[in-house]
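Colleague: I would like to learn how to read this fold. Where do we begin?

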Amino acid sequence: MSLIPFNFKSSLRKIFIFFFGYGNYIKLHVFLKYKKPITLRLDIAATCNAQCPFCPRVYMDEGRLVGSMDFEKIKSILISAKKYGFKNLKVYITSEPTVHKQFNEIMKFSKELGFTNYVSSNASLIPRAIEGLKYVDHLQISVEGWDKESYEKYRFPLKFDKVYENLKLLNKEIPLNKQNRYIHVPITKKTNLKKFALLWGEFVSHINIDFMQPANIYSGGIMKSEFNDVIKDDYYDFTPFDDNFVCFDPFSEIVVAYDGKIMLCCLDFSASYNLGNIEEGFEILVSNKIRKIIQKQFFTQKLNTCKDCSMFYKPSKDAIKSLLKQVDLINSSNITKAKLITKLNF
Ligand code: SF4
């Protein structure tokens, strides 16, 4: 994300924004860093073996909840993507990627082509996916819950005992120093962070902490944030952003659904925007008219499509302060080797 050396970054950025505005800052950043997208996201499967209450899958059309991308098709997309200049492959969007029957072969093929592989997994199918996971550079483990009961509430209907055993297997087969392995945990008012760190810390090198956001749904032609009633008492209180809307996803990534439809980003579970189909080829996709309109909304800071995205909801300063304090306390107590990290500030 850095535009210039760190020591000068913050103050120069502020000066730039002061004189030229936030939208122009985004424009400059995109010009310097994302002339072309560098990350390809492929939803190799549409199916997930969990029904987490905070996930946008809860709101997806039934027709898009199952399916998978053919391996031959994946190979041909990856070959074209490599020629186009993509560097990173992320194989997770709306589903659990290890449910794909050829997950192992896909990861091997991608690595042989020279991609940096990113996977996010709920760890429920590690025994059968372990060979493919050996080709993964960055592995995000998705677990919520600080004990069996809370885990099984947030990761219904997966079983705590099974996932815990799977993670032991993962540690044995792929030592932590061979892979960037981490957890991204969206916390709620009920999360016991200390217990969480104690429980899962041995399986990862760090734990990224954020607040559990509402899910994004597509409604009336735009993205809308939706708090799930089933866990409504768990969410922190949020207020929407007024200004400084930044998201580089429409610039840095091309996101492909299991059926070839292009999605706006990894939160666009419905793939409802008319952003084209992978069959059209990357040159055409990056200049898709609707993509360009959405990009321009960030330059002008007059957001329509993304204005109500969950990215633009923030918790109170007090909630952030209290979280930062907890993180510091846990890190300084050395109860786990995994470092707790949060990019939140106020
Ligand atoms: S702002 Fe939200 S909906 Fe818009 S592209 Fe970024 S993540 Fe997707």
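Modeller: Begin with a strand pair: strand 1 (residues 39-42) and strand 10 run parallel, joined by 4 bridges. Strands are DSSP runs of E, at least two residues long, and helices are runs of H or I, at least four, both numbered from the N terminus. Two strands pair if DSSP finds at least two bridges between them. This is a predicted model, where local features need pLDDT of at least 70, side-chain atom pairs count only at pLDDT 80 or more, and totals for chains, interfaces and linings use all residues. Residues are numbered from 1 along each chain as its sequence is written.

Colleague: In strand 10, which residue is the bridge partner of L40?

Modeller: I254 is the partner. Strand 10 also joins strand 11, antiparallel, through 2 bridges. There V256 has I262 as its bridge partner.

Colleague: In what order do the strands of the open sheet lie?

Modeller: The order is 11-10-1-2-3-4-5-6-13, with 9 strands and mixed pairing. Strand 11 (262-263) and strand 13 (339-341) are the edges, each pairing on one side only. Strand 13 pairs with strand 6 (residues 206-211) in the parallel sense, over 3 bridges. In that pair, N208 stands opposite I341.

Colleague: Are the residues on the two faces of strand 10 buried or exposed?

Modeller: Count neighbours: a residue is buried if 20 or more other C-beta atoms, placed from the backbone, lie within 10 Å of its own, exposed if 12 or fewer, and partly exposed in between. In strand 10 (residues 253-256), E253 and V255 on one side and I254 and V256 on the other are all buried.

Colleague: And the ligand: which residues are around it?

Modeller: Near means that the C-beta atom, placed from the backbone, lies within 6 Å. The residues around the ligand are N216, M223, C247, D249, P250, L264, C265, L267, D268, C306, C309 and M311. By class, 9 are nonpolar, 1 is polar and 2 are charged. Nonpolar here covers Ala, Val, Leu, Ile, Met, Phe, Trp, Tyr, Cys and Pro; Asp, Glu, Lys and Arg are charged, and the others, Gly among them, polar.

Colleague: Last, a helix. What span should helix 12 have?

Modeller: Multiply 1.5 Å by one less than the number of residues. Helix 12 (residues 317-333) has 17 residues, so it should span 24 Å; its end C-alpha atoms are 24 Å apart, which agrees. N334 follows helix 12, with a positive phi near 55 degrees.
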